[in-house]
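This report describes one protein chain for a reader who is new to structures. Please look at the model first, then read the sections in order.

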Amino acid sequence: MGHLYIPAFGMYLHLWGGLIIMIIGLIQILPLLRTEKLFILHRIIGTMVCFISILTSIGGNIFIYTTGTVGGINMDIAFSIYGWLLFIFSLMAYIRARTNNRQAHKDWALRLWALIYASLFYRISYFMLSLCGYHVTNSSDFFRPIDELLDWWFFLVPLFVMEIYIRLNNYRRNKIVEYTILYSLERNT
């Protein structure tokens, strides 16, 4: 019985960590927290999000590596990659914040935010499928093509959408800077 403690610990760490980062992730994204007055709160909550995201990743991967998922090797690989991305994006957001690289920090934090809520997207996808009559009744259902696609879809789609948003936002910001510089140069000549 003693060997069951490690996967159970991993799953509890993953589930509780995921719930906590979903709740404080909503608070963290509020523009109010990035004001000068509440910036210290933004920093504290951001550090908590990064630290708990890392623990969530570790917990999920402990479970996957000790017992495997119900969906077999496809789900094992997809969920493990998701967990490692959560770990890496948390580190990148934290490191960029600590080195005062605000734009890179914001970009990595947005990617992390997309991953945090990807697990909710996974559940919403199954809920939407159930409204269309598609149900999971036992573990063998996770080997169907739609289920195997969802193993990847749930985190790759939000990351793809967020990456488009980040790049468009950065492009727009760079164009504004470019126009401002050109306008300044024209005024000075």
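## Terms and model

Helices are DSSP runs of H or I with at least four residues, strands are DSSP runs of E with at least two, and both are numbered from the N terminus. The model is predicted, so local features need pLDDT of at least 70 and side-chain atom pairs count only at pLDDT 80 or more, while totals for chains, interfaces and linings use all residues. Residues are numbered from 1 along each chain as its sequence is written, and side-chain values use heavy atoms, with hydrogens and water left out.

## Overall layout

The protein chain has five helices and zero strands. Read from the N terminus, its elements run α-α-α-α-α. Along the principal axes, the C-alpha atoms fill a box of roughly 75 × 35 × 25 Å.

A residue is called buried under 20% relative accessible area, exposed over 50%, and partly exposed in between, using a 1.4 Å probe and protein chains only. Of the 189 residues in the protein chain, 36% count as buried.

## Salt bridges

A salt bridge is a side-chain nitrogen of Lys or Arg within 4 Å of a carboxyl oxygen of Asp or Glu. How many salt bridges does this rule give? The count comes to three.

Glu163 and Arg111 form a salt bridge, with their closest N and O atoms 2.7 Å apart. This pair links distant parts of the chain: Glu163 is in helix α5 and Arg111 in helix α4 (residues 102-131), 52 residues apart. Both Glu163 and Arg111 are buried. Glu163 also forms a salt bridge with Arg167, where the closest N and O atoms are 3.0 Å apart. Arg167 and Glu163 both lie in helix α5, four residues apart, which is about one turn of the helix. Arg167 counts as exposed because its relative accessible area is 57%.

Another salt bridge joins Asp147 to Arg144, the closest N and O atoms being 2.9 Å apart. Is Asp147 buried or exposed? Asp147 is buried because its relative accessibility is 0%. Arg144 has a relative accessible area of 23%, so Arg144 is partly exposed.

## Contacts between parts of the chain

Arg111 has a relative accessible area of 12%, so this residue falls in the buried class. Phe89 is 22 residues from Arg111 in sequence, and their C-alpha atoms are 6.9 Å apart in space.

His14 is placed in helix α1. With 26% relative accessibility, His14 counts as partly exposed. The C-alpha atoms of His14 and Leu55 are separated by 7.2 Å, although the two residues are 41 residues apart along the chain. Gln28 also belongs to helix α1 (residues 5-28). Gln28 is buried because its relative accessible area is 13%. Its side chain reaches the backbone oxygen of His42 at 3.0 Å. That is a polar contact, meaning a pair of N or O atoms within 3.5 Å; within protein, one must be able to donate a hydrogen and the other to accept it, and residues adjacent in sequence count only if both atoms are side-chain atoms.

## Surface patches

Patches are made of residues with over 30% relative accessible area and no salt bridge; like charges are joined within 9 Å, and nonpolar side chains (Val, Leu, Ile, Met, Phe, Trp, Tyr) within 5 Å. A nonpolar surface patch of about 810 Å² is made by Tyr12, Trp16, Leu19, Ile20, Ile23, Ile27, Leu30 and Leu32. One of these, Tyr12, is found in helix α1. Tyr12 is exposed because its relative accessibility is 55%.

Arg34, Lys106, Arg172 and Arg173 form a positive surface patch. Among them, Arg173 is found in helix α5 (residues 145-188). Arg173 counts as partly exposed because its relative accessibility is 33%.

## A residue with positive phi

Most residues other than glycine have a negative phi. Asn100 is not a glycine, yet has a positive phi of about 60°. Where is Asn100 found? Asn100 is in the loop between α3 (72-98) and α4. Its relative accessible area is 59%, so Asn100 is exposed.

Technical notes. Areas by Shrake-Rupley, 256 points an atom, 1.4 Å probe, with all protein chains shown as cover. Lys, Arg positive; Asp, Glu negative; His and termini not counted. Charge placed at Lys NZ, Arg CZ, Asp CG, Glu CD.
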